[in-house]
Amino acid sequence: MLIGALAPILISRQVGLVDDTIVVHAEGAAEGVACPTCDQVSRRVHGRYQRRLVDLPWHGRPVRLVVTVRSFRCENPQCRRATFVEDFGNALPRRARRTREATQYLARLAAEVGGEAGARRAVVEGLPASPDTLLRLSREDTDASAPGDDYGASGGSAARV
Ligand SMILES: [Zn+2]
């Protein structure tokens, strides 16, 4: 179920249909995660919370991703950090409410037909967003493709089917 940039970092545990929406439950694929302070890999899960993101529609149905994010306890006694949250990097930025593919799609839509028409089409296609959001994403997308960004560093686009 998970393809593209998310495929190497997430494992889907459950896929279901809620009303007309495809809901994919997923969690981090890595058994252990490196502490951002000391770099030591920890497997000691401290807690879990859920993030909900909008993904690209599939066969005309909206797709919602429910990602269980783990926090880990650093096991290095010399480290000043007690706990940390696993980080999915560019493929799933921390505060994002959409997957990167969904964001890029909306940005392209805004660039092609503008914010108002783009927003109407996005709703029909199962990816609702306001005209303002579309225009903002379109601007950010232009900024993100500037030289020096590491957007393609995960190799996600090359792995898409
Ligand atoms: Zn540490």
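Let me start with the loop between strand E3, residues 33–34, and strand E4, where Asp39 lies. In this predicted model, Asp39 has a phi near 75°, a positive value in a residue that is not glycine. As a general point, most residues other than glycine have a negative phi.

A second case is His59, in the loop between E5 and E6. His59 is not a glycine either, and its phi is positive, about 50°. His59 has 7 C-beta neighbours inside 10 Å and therefore counts as exposed, the cut-off for that class being 12 or fewer.

I turn now to the interior. Nonpolar side chains in soluble globular proteins tend to be buried together. Here the largest nonpolar core comprises 26 residues, and Leu106, Leu127 and Leu134 have the most contacts inside it. At least two core residues come from each of the following elements: strand E2 (21–28), strand E5 (45–58), strand E6 (61–73), helix H1 (100–113), helix H2 (115–124) and helix H3 (131–144). The largest share, six residues, is supplied by H1.

What does Leu127 touch, leaving aside residues up to four places away in sequence? Its partners are Val54, Pro57, Pro62, Ala102, Tyr105, Leu106 and Ala122.

After H2 comes Gly126, with a positive phi near 90°.

Finally, a word on confidence. The protein chain has an average pLDDT of 85, and 87% of its residues score at least 70. Where is confidence lowest, and where is it highest? The lowest mean, 40, belongs to helix H4, residues 156–159, while strand E4, residues 41–42, has the highest, at 97. Across residues 146–161, pLDDT stays under 50, and the model has 17 contacts beyond four places in sequence for that stretch. Where pLDDT is low, the predicted coordinates should not be read in detail.

How values were computed. Residues numbered from 1 in each chain as written. Predicted model: local features only at pLDDT ≥ 70, side-chain atom pairs only at ≥ 80, totals over all residues. Core = buried A, V, L, I, M, F, W, Y, C linked by C-beta atoms within 7 Å. Buried ≥ 20, exposed ≤ 12 C-beta atoms within 10 Å, placed from the backbone. Helix = DSSP H or I, 4+ residues; strand = E, 2+ residues; numbered from the N terminus. Contact = placed C-beta atoms within 7 Å. pLDDT = per-residue confidence, 0-100.
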